[in-house]
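Here is a short briefing on one protein model. Keep the sequence and the 3D view open while you read.

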Amino acid sequence: MKIQEITLRLLRMKMNFSFVTSFGSIEDKDFILVETKSIDGISGWGESVAFYAPLYNEETVQTNWHIMEEFLIPLLLKNEINHPDDVSKLFSPIRGNNMAKAALEGAVWDLYAKLEQIPLYKALGGEKKEIAVGVSIGIQNSIDELLDLIERYLSEGYQRIKVKIKPGWDIDCLKAIRNKFPTTPLMADANSAYRLEDIELLKQLDAFDLLMIEQPLAYDDIIDHAKLQKELKTPICLDESIHSFEDARKAIELGSCKVINIKIGRVGGLTESKKIHDLCKEKNIPVWCGGMLEAGIGRAHNIALTTLSNFTLPGDTAASSRYWEQDIIEPEVTVNNGFITVPERIGIGYTPNLDYIEKLTTYKKTYK
Ligand code: OSB
Ligand code: MG
């Protein structure tokens with residue numbers, strides 16, 4: 001497979017709501033779309049999940065553009081690849097910058113599936129025809145507003161509720177949720193807002209019958225998480241701390257978590273995601289697909305990945321309409337009774353709306 005040309009587009013999309021976490025809030029979403037073209041003019045699409053500011057991890061929209069333009073795109077244009085699995089090998093001399101790598105690799109996967117005329121999920125070895133999804137709810141202005149939102153999402157069919165927590169927005173809020181929704185599958189995501197010294201508070205979370213607590217401690221830690229997991233009944237799920245198969249292996253070996261949230265961007269692509277998935281399956285660690293407030297292209301990749309068999313817990317891939325007045329793909333992603341039907345069309349299975357993408361594009365460059 002030879003990549004003939006690559007186009008990067010910088011887009012700005014207005015979100016339906018401002019998403020507040022312990023690390024900050026996200027309103028308008030700036031992100032990069034990647035289009036890879038084959039000799040015969042077939043396009044593959046990828047989406048970078050890096051945010052404007054380096055608050056979730058160290059990458060940004062700007063660093064992604066720089067790393068792609070200067071280092072990754074030249075490698076892809078210069079080298080012929082036989083299979084998308086070769087892309088991560090090709091990129092391996094470049095350290096880190098996983099979201100930049102994943103955006104390009106994702107576009108190559110889509111292109112490959114289209115050239116093979118199969119759906120991306122089949123190219124990945126996935127088997128599910130529909131995937132179960134939950135919803136991740138940001139920090140609200142009041143507990144009443146949070147309870148109203150939960151009620152709304154449950155009525156829309158979402159299969160589990162995840163709430164963001166931080167010191168001061170934790171115990172009271174979970175207590176109120178459990179009073180009103182005693183049996184709803186519920187979890188909390190701290191995005192690294194606590195320290196091991198907060199252990200007495202974190203132990204109180206065991207009272208709320210949570211499916212798991214996501215990333216309670218530092219974004220680069222697996223040691224203190226292991227100490228904490230020994231003291232908690234609630235399973236710990238790692239998000240920010242896992243960037244690779246090797247990170248996952250070490251975290252599992254140390255007992256730092258009992259669940260892993262796989263985000264394609266955070267781990268450097270679909271090939272690495274599959275490796276982590278396979279390892280977790282062997283080690284009896286359930287996984288689920290995390291979200292980065294993606295537009296339609298990123299959402300489509302998440303859906304394809306989630307069809308792998310060890311994605312046994314509902315993910316964060318909610319419907320397009322939750323985030324956007326209009327998404328950049330057709331049809332949009334819809335959720336029915338808490339399930340997304342996996343598209344059987346070739347490639348990512350959704351068609352990029354080129355006119356609308358053009359409208360949202362603030363800068364664009366093609367590399368040959
Ligand atoms: O930690 O999972 C997270 C959004 C932005 C950054 C980090 C996270 C999240 C979410 C929302 O939880 C997931 C989504 O709805 O896409
Ligand atoms: Mg998280």
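Which residue in strand 15 stands opposite Leu-10? It is Tyr-363. Note at the outset that this is a predicted model.

- Four strands form an open sheet in the order 3-2-1-15, with antiparallel pairing.
- Strand 3 (43–47) and strand 15 are the edge strands. Each has a single partner strand, so one side of each is left without a neighbour in the sheet.
- On average, neighbouring strands of this sheet are turned by 20 degrees against each other, direction ignored.
- Helix 1 (residues 61–78) packs on the sheet and touches strand 1, strand 2 and strand 15. The direction of helix 1 makes about 155 degrees with that of strand 1.

**Sheet: strand 1 and its partners**

- Strand 1 (residues 3–21) and strand 2 (residues 24–38) run antiparallel and are joined by 14 bridges.
- A hairpin of two residues links strand 1 to strand 2.
- Ile-6 has Tyr-367 of strand 15 as its bridge partner, and Leu-10 stands opposite Tyr-363.

**Domains and their contact**

- The protein chain is divided into two domains. Domain 1 takes in 3–117 + 353–367, and domain 2 spans 123–341.
- The centres of domain 1 and domain 2, taken over C-alpha atoms, are 23 Å apart.
- The contact takes 35 residues from domain 1 and 35 residues from domain 2.
- By class, the side of domain 1 that touches domain 2 has 19 nonpolar, ten polar and six charged residues.

**Backbone details: Leu-293**

- Leu-293 is a residue other than glycine with a positive phi, near 55 degrees.
- Look for Leu-293 in the loop between strand 11 (287–289) and helix 11 (296–306).
- Is Leu-293 buried or exposed? Leu-293 has 21 other C-beta atoms within 10 Å, so it counts as buried; the cut-off is 20 or more.

- Glu-330 and Pro-331 are joined by a cis peptide bond, with omega at about -10 degrees.
- Pro-331 is found in the loop between strand 12 (329–330) and strand 13 (339–341).
- Asn-337 lies in the loop between strand 12 and strand 13. Asn-337 too has a positive phi, near 50 degrees, in a residue other than glycine.
- Asn-337 counts as exposed, because it has 10 C-beta neighbours inside 10 Å; the cut-off for exposed is 12 or fewer.

Notes. Residues numbered from 1 in each chain as written. Chains lettered and ligands numbered in written order. Predicted model: local features only at pLDDT ≥ 70, side-chain atom pairs only at ≥ 80, totals over all residues. Pairing = 2+ DSSP bridges. Axes fitted to C-alpha atoms, helices over the stretch in contact; angles between N-to-C directions. Contact = placed C-beta atoms within 7 Å. Domains from an automatic or database assignment. Nonpolar A, V, L, I, M, F, W, Y, C, P; charged D, E, K, R; others polar.
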